[in-house]
Amino acid sequence: MDKINITLPDNSVHEHSSGVTALDIAKSIGERLSMGTVAATVNDVLVDATKPINENANVVIHTSDSKIGHEVLLHSTAHLMAQAVKKLWPDSQMTIGPVIENRFYYDFDIDGTFSDEDLSSIEDEMRNIAKQNHEVFRHDLPRDDAIKIFSDLNENYKVEIINDIESSDQISAYKQGDFIDLCRGPHVPFTGNIKYFKLLTTSGAYWRGDENNKMLQRIYGTAFSSKSKLKDYLHFLEEAKKRDHRKIGKELAIFTFDEEVGPGLPLWLPNGGVILNELEQLAKETEDRYDYQQVRTPHLTKGELYEKSGHLDLYKDAMYPAMDIDGTDYYVKPMNCPHHHKIYSASPKSYRDLPYRISEYGTCYRYEKSGQLFGLMRVRSMQMNDAHIYCSKDQFSTEFLDVCKMYLEYFKIFGIEKYEMRLSLHDPSDLGKKYIDEPELWIETETIVRNTLIDGNINFVEIPGEAAFYGPKVDVQVWSAIGKEFTLATNQVDFAIPKRFDLTFMDSEGKDKTPLCIHRAPLSTHERFVGFLIEHYAGDFPVWLSPVQIAILPVSEKTNNYAYTIQKKLKNSGFRVIVDDKPDKIGSKIRNTELRKIPIMLILGEKEAKNNTASIRRRFIGDEGEVSIDKLIEDISSEIKQRSLPYRKSE
RNA sequence: GCCUACGUAGCUCAGUGGUAGAGCACUUCCUUGGUAAGGAAGAGGUCGCCGGUUCAAUUCCGGCCGUAGGCUCCA
């Protein structure tokens, strides 16, 4: 038999017989490696570990520990689950079963639904099949054969998928035992490779993600290469739940919802009020520095205004219905832009007035569908950190970049490191439908924005089909503790609406021109931003944001009076400070204060009263010893003024 | 909006076809203490709401409201 040379990633060259598989190569290196081998990359193509190699090749062996290998394992676990479901529900039909981050899901068309008990019986069946250690075979199929196989199995969704596969693509199916599924692969060589998995949740999901289609039943699950990795992941999910802003927001009395008020309408409790005030103060300081002017606009507006802007046409379903006032339709405002346009046009503008930057922390109302409400992250009443910048084309790049810089300044203050900037572009096929029908303007504006970002050294990814209806935008995506994705900040270009509102400015040659408009909301809605911050800090806010900054804990009631004196002094210095004068022991008071995540504690006993000092105990640090009251005021003031991030022991 | 699950005290949660319980929090009293829980007593609930079945419903059934996990949507 012919000999071929296999080159491994460490550049070592191994001679094998032609027809050798990656699994054989793994075996020749070691038993343990072969046990973990799930797939291989042969000459840059990801293939099954059992695919024969007939020529000299660069081979990368993937175990289920690698990123690619883990995805293969997850995908094969999805197949294993489908096999178990088909065994237990022979009349069900399979649809799709892809891999997502650290998990997989599979959608089934089934009479009825899956219960939690069903999940464990499916898991049991999966274990059975895995134990039988079926070999997994790939079959490349001509289209007609594939259609026949899946038609005979009454897998109508699979037939639909086959019909959608490009004629240039090879159709393949994988068989393990008596189970066959359409799949491009690759898959693990044996069902026995799948050992550590867990089914997580069930839910409904529309076929092809279209709400007009049938709702299928989805099962989510996960799988790992080892028991400990699976355990770690499940533990991580539990820990993430502890950071959930809905849980912490309740524990720390930041906000609440009330059935009688209505869903998606948060009530900010006093602690939340403090946080909002601090955010607004920060926004105002920042916007002053960038020469914004602050405005205010009403909550109600005639429908006419939203007809003109185009919002009513596109978003009527997501707006609260009109109320008839003296025979005219009025709406509660779903966004501030049209009002700001009216402020712009309240007086004639010359090029000397531009850029014209106006901001407002205006409350808007949107009728979000009930099923998409989510704590503070998705609400029906929201305060926007909103502003509009009207500028000439020449000024655009500078203005746009300044807004991006403002985002980054904010993110630095809050210590936000994990985010993604997305340039959302239009989809030409939706022109005149989802998007304003100005093909040249779209291309022109998108090019300017893209170049501006590149010139500004800002990292971004491009997302087609996600633009606003009036222009491209840059969104900043973040993830909640439980992994849900959100747009935190947004920066949008509007080349269309100013025209609709006849907004103009007189240029230096005395001609009327239409300004560009930048919509920007770096702090998102304040609801979402606070929700995000609660999770980001796990409730441990930096001192400047903490609802209570300092808790004074007298060691016994003998020092209560000293405590009140210090409290007054600190209050006069502008701190938010409470005294715990309950007749509890000091250990108990400390515990309660820690649970409330108050960053600074002052322990005041007879020693401190005598010396006119305080003993400081800081969260995550512990006892910091005795300090004079004046020094204390000086230190904490400077920490607050600089808006320092929270202390951590490791720092 | 759609699929599924859930809803008991301020919070976290037990429990039952015969109108309810724990811990924490709260109030009062005792204790006056030194860096994550001192002790005792008390108060607190139309068991989400509305109907139905039943001699009797917090418990079983239905509808509604709300919440959760997804799907869809997000100016």
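Two strands count as paired here if DSSP finds at least two bridges between them. Keep that in mind as we walk through this structure, which is a predicted model.

Let's begin with a pair that meets this rule. Strand E3, residues 37-42, and strand E5, residues 57-63, run antiparallel and are joined by 5 bridges. To find one of these contacts in your viewer, look at Ala-39, whose bridge partner in E5 is His-62.

Now widen the view to the sheet around that pair. It is an open sheet of 5 strands in the order E2-E1-E5-E3-E4, and its pairing is mixed.

From here, let's move on to the RNA. RNA strand B is surrounded by 57 residues, and the closest are Gly-204, Ser-370, Gly-371, Ser-556 and Gly-605. Several elements give two or more residues to the surface near RNA strand B, among them strand E12 (196-206), strand E13 (215-224), helix H8 (245-251) and helix H19 (606-611). Which element gives the most to this surface? That is H18, with 7 residues. Sorted by class, the surface near RNA strand B has 20 nonpolar, 18 polar and 19 charged residues.

Key:
Residues numbered from 1 in each chain as written. Chains lettered and ligands numbered in written order. Predicted model: local features only at pLDDT ≥ 70, side-chain atom pairs only at ≥ 80, totals over all residues. Helix = DSSP H or I, 4+ residues; strand = E, 2+ residues; numbered from the N terminus. Near = placed C-beta within 6 Å. Nonpolar A, V, L, I, M, F, W, Y, C, P; charged D, E, K, R; others polar.
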